[in-house]
Amino acid sequence: MNMADDTRQGDDGGVSTGIITRTRTKTKKPSLYKVLLLNDDYTPMEFVVHVLERFFNKGREDAARIMMHVHQHGVGLCGLYTYEVAETKVTQVMDYARQNQHPLQCTMEKE
Ligand code: TYC
């Protein structure tokens, strides 16, 4: 952001109206991405709640609510993040599920 606040002397010696110039310099908001959990028939409910607490910083009640939403509707929102953070969350969840031999799937999509 560049700002110039200019109050100049006119030729008549009087003080001219102030000229305020603002030039926007590269301040675009980053796109956000939804990180989603998908339902399956095998991953234990408790494991999904734990994933939501561990990787998405949810409290127990919020985590349980999101898990039940996914269980009942097939898909649910874990959070909105910038591209690189979303990608990291997906990788962390997929790695953790695989380590624990659960088929839990996590994906991302542009908001
Ligand atoms: N449907 C699973 C079960 O009944 C629980 C579950 C919930 C699995 C959410 C995945 O993203 C998920 N054990």
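Lys-34 has Glu-109 of strand 5 as its bridge partner. This pairing comes from a predicted model. Strand 3 and strand 5 (residues 105-110) run antiparallel and are joined over six bridges. Strand 3 also pairs with strand 4, again in the antiparallel sense and over six bridges. Here the bridge partner of Tyr-33 is Tyr-81 in strand 4.

These strands belong to a protein with three helices and five strands. Along the sequence, the order of elements is β-β-β-α-α-β-α-β. The protein has 111 residues, and 26% of them are buried. Its accessible surface is about 8100 Å². Carbon and sulfur atoms account for 49% of that surface. Of the contacts between residues at least 6 apart in sequence, 61% join residues at least 24 apart.

Ser-31 gives a local example. It sits in the loop between strand 2 (19-23) and strand 3 (33-38). Ser-31 has 37% relative accessibility, so it counts as partly exposed. Leaving aside residues up to four places away in sequence, Ser-31 touches Tyr-81, Thr-82, Tyr-83 and Lys-110. The C-alpha atoms of Ser-31 and Glu-111 are 7.5 Å apart, although 80 residues separate the two along the chain.

Leu-77 belongs to strand 4 (residues 75-81). This leucine is partly exposed, because its relative accessible area is 43%, which lies between the 20% limit for buried and the 50% limit for exposed residues.

The largest nonpolar core contains 23 residues. Those with the most contacts inside this core are Val-35, Leu-37, Val-51, Leu-52, Phe-56, Val-93 and Leu-104. Strand 3, helix 1 (45-56), helix 2 (60-73), strand 4 and helix 3 (83-99) each supply at least two core residues. Helix 1 gives the most, with seven residues. Val-51 shows how such contacts are made. Beyond residues up to four places away in sequence, Val-51 touches Phe-56, Val-93, Tyr-96 and Leu-104.

Charged side chains were considered last. Side chains of opposite charge can pair when their charged atoms come close. Four salt bridges are found in the whole structure. One of them joins the side chains of Glu-46 and Arg-60, with an N to O distance of 2.7 Å. This pair links distant parts of the chain, since Glu-46 lies in helix 1 and Arg-60 in helix 2, 14 residues apart. Both ends are partly exposed: Glu-46 has a relative accessible area of 45%, and Arg-60 has a relative accessibility of 44%.

Arg-60 also meets the side chain of Glu-53 in a salt bridge, at 3.2 Å from N to O. Glu-53 is partly exposed, with 24% relative accessibility.

Another salt bridge, between Asp-62 and Arg-65, has an N to O distance of 2.3 Å. Both residues lie in helix 2, three residues apart, or about one turn of the helix. Asp-62 is partly exposed at 29% relative accessibility. Arg-65, by contrast, counts as exposed because its relative accessibility is 51%. Elsewhere, salt bridges that share partners join Glu-46, Glu-53 and Arg-60 into one network.

How values were computed:
Residues are numbered from 1 along each chain as its sequence is written. This is a predicted model: local features need pLDDT of at least 70, side-chain atom pairs count only at pLDDT 80 or more; totals for chains, interfaces and linings use all residues. Side-chain values use heavy atoms; hydrogens and water are left out. Helices (H or I, at least four residues) and strands (E, at least two) are DSSP runs, numbered from the N terminus. Buried means under 20% relative accessible area, exposed over 50%, partly exposed in between (1.4 Å probe, protein chains only). Contact means heavy atoms within 4.5 Å. A nonpolar core is a set of buried Ala, Val, Leu, Ile, Met, Phe, Trp, Tyr and Cys residues joined through side-chain atoms within 4.5 Å. Accessible areas come from the Shrake-Rupley method with a 1.4 Å probe; for residues, only the protein chains shown count as cover. Two strands pair if DSSP finds at least two bridges between them.
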